[in-house]
Amino acid sequence: MTRVAKFYKAVETGKDGGGFVVRLDGKTVKTPARALLALPTSKLADAVAEEWRSQTDIVDPTAMPLTRFAYAAIDVAPTHRARLTEEILAYGKSDLLCYRADAPAALIARQNEAWNPLLDWAAGRFGARLRTGTGIAFVDQSAESQAAFAKAVQGRDDFALVGLHSASSLTGSLVLGLALTEGRLTAQEAFALSCLDEIFQAEAWGRDAEAAARAERLGAELAAIERFLTLSHP
């Protein structure tokens, strides 16, 4: 999906078969692969329609995250489910929350306080008990934890799979991705946990404008992922 001049005036939603659709001047929106943009809920269809409605002279895909995620759920997830699942599970093998600082003591304490409850939640919710380590050395995870994560991921529908893939990729953590997907964390909470080290350093040394802009952009993207997950399911 690329930037194009706006080519429509009216945006409406409707029902088509088993899904909800968006129509531009009466024509149903298709995905880049020319499939019907059939959405699972009327709430998501309304939100996607509002993205199209809010475009001005240029249709800008970067301002339409829900539409982009829906395209991925329809065009990518059904035919590339195994690859998406493998990429998601890779974050469980090297989860951000498992790599701890060895100094200073204040950062160690903050990581333990913030991250340990999430690892305990993953162990209780999915049966995936992850090991932690200090420094950059690889932390080997058990086959049992990986099997438990695989079971947790594989049963999700295409829309949830895309949301989970996006959240895990953005945070560098399958645990945070699952916590967001299941409503254990909000996007704001998950993003703060994924940036704990950076926040700690910024408190001591300050944050430059470039880093602040990047954090704002990524935080907004994770918020869009949360909204997509929420709207995709009744």
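The model is a predicted one, in which local features need pLDDT of at least 70 and side-chain atom pairs count only at pLDDT 80 or more, while totals for chains, interfaces and linings use all residues. Residues are numbered from 1 along each chain as its sequence is written, and side-chain values use heavy atoms, with hydrogens and water left out.

**Entry 1: H3 and H5**

For helix H3 (residues 81–93) and helix H5 (residues 143–154) I have a packing angle of about 140 degrees and axes 10 Å apart. Helices here are DSSP runs of H or I with at least four residues, numbered from the N terminus; axes are lines fitted to C-alpha atoms over the stretch in contact, and angles run from 0 to 180 degrees between N-to-C directions. H3 and H5 are therefore oblique to each other, the class left over after under 35 degrees (roughly parallel), over 145 (roughly antiparallel) and 65 to 115 (roughly perpendicular). The contact (heavy atoms within 4.5 Å) draws on residues including Ile88 and Leu89 of H3 and Phe149 and Val153 of H5.

**Entry 2: H4 and H9**

I then took helix H4 (residues 105–126), which packs against H9 at an angle of about 140 degrees with the axes 11 Å apart. That makes H4 oblique to H9, and H4 passes H9 in a right-handed crossing. Among the residues in contact I listed Leu107, Arg110 and Trp115 of H4 and Ile199, Phe200 and Glu203 of H9.

I turned to the largest pocket, which holds about 370 Å³ of space. A pocket is an open set of points on a 1 Å grid over the protein atoms alone, where a 1.4 Å probe fits, with protein on both sides within 12 Å along at least five of seven lines, and lining residues have an atom within 4 Å of a point. Of its 17 lining residues, Phe7, Leu24, Lys30, Trp52 and Tyr71 are the closest to the centre.

The second largest pocket has about 290 Å³, and of the 15 residues that line it, Cys195, Glu198, Arg207, Ala211 and Arg214 are the closest to its centre. I noted that H6 (158–171), H8 (187–194), H9 (196–205) and H10 (209–231) each supply at least two lining residues of the second largest pocket, with the largest share, 4 residues, coming from H10.

Methods:
Grid points are joined across faces, edges and corners, and a volume is the space filled by probe spheres set on the points. A crossing is left-handed if the near helix is turned anticlockwise from the far one by less than a right angle, and right-handed if clockwise.
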